[in-house]
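Here is a short briefing to read alongside your sequence and structure. Take a look at the display first, and then we can walk through a few spots together.

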Amino acid sequence: MKWRTESEGRFYDPGETTVIYYDTRSGDTHLLTAFAAHVLREIQAESLSLASLISRIAPVVEAGQDTDLQEALEGVLSELVAMDILKQE
């Protein structure tokens with residue numbers, strides 16, 4: 001199973017712990033964690049499976065923080081689906 005975005009959204013990153021995401025398809029604006037925004041940026045480039053996401057994101061996760069990476073990704077993906085930003089293929 002792969003994940004894909006519904007539209008090309010726009011990000012505004014003020015350099016804080018949250019990022020503003022504007023969904024051009026729906027007109028909705030969402031406040032995302034920096035981690036969720038990073039995941040979404042990876043998926044915007046191309047549809048990805050959970051395993052592919054883990055391999056792309058693992059190198060940028062701080063040492064000691066990667067043990068729960070799959071669980072964290074699954075939670076973020078569920079939230080992005082609930083916001084109607086992502087779809088499963």
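Let's begin with T5, which touches L40, I43, Q44, I85 and L86, leaving aside residues up to four places away in sequence. Please keep in mind that this is a predicted model.

**Around T5**
- You will find T5 in strand β1.
- T5 has a relative accessible area of 13%, and it counts as buried because that value falls under 20%.

- Helix α2 spans residues 50–57, and L50, L53 and I57 are buried in it.
- These three cover an arc of only 60° around the axis, so they sit on the same side of α2.
- The general rule behind this is that an α-helix has 3.6 residues a turn, so residues three or four places apart point the same way.
- Which elements do the buried residues of α2 pack against? Their partners are β1 (2–5), α1 (34–45), β5 (48–49) and α3 (69–82).
- On the face turned away from the buried side of α2, you will see the exposed residues A51 and S55.

**The loop with D28**
- D28 lies in the loop between β3 (18–22) and β4 (29–33).
- With a relative accessible area of 37%, D28 is partly exposed, because that value lies between the 20% and 50% cut-offs.
- Not counting residues up to four places away in sequence, D28 touches Y21, Y22 and D23.
- D28 and Q44 are 16 residues apart along the chain, and their C-alpha atoms are separated by 17 Å.
- Q44 is also one of the residues that T5 touches.

Methods
Residues numbered from 1 in each chain as written. Predicted model: local features only at pLDDT ≥ 70, side-chain atom pairs only at ≥ 80, totals over all residues. Heavy atoms only, no water. Buried < 20%, exposed > 50% of the residue type's maximum accessible area, 1.4 Å probe, protein only. Helix = DSSP H or I, 4+ residues; strand = E, 2+ residues; numbered from the N terminus. Arc of directions from axis to C-beta. Contact = heavy atoms within 4.5 Å.
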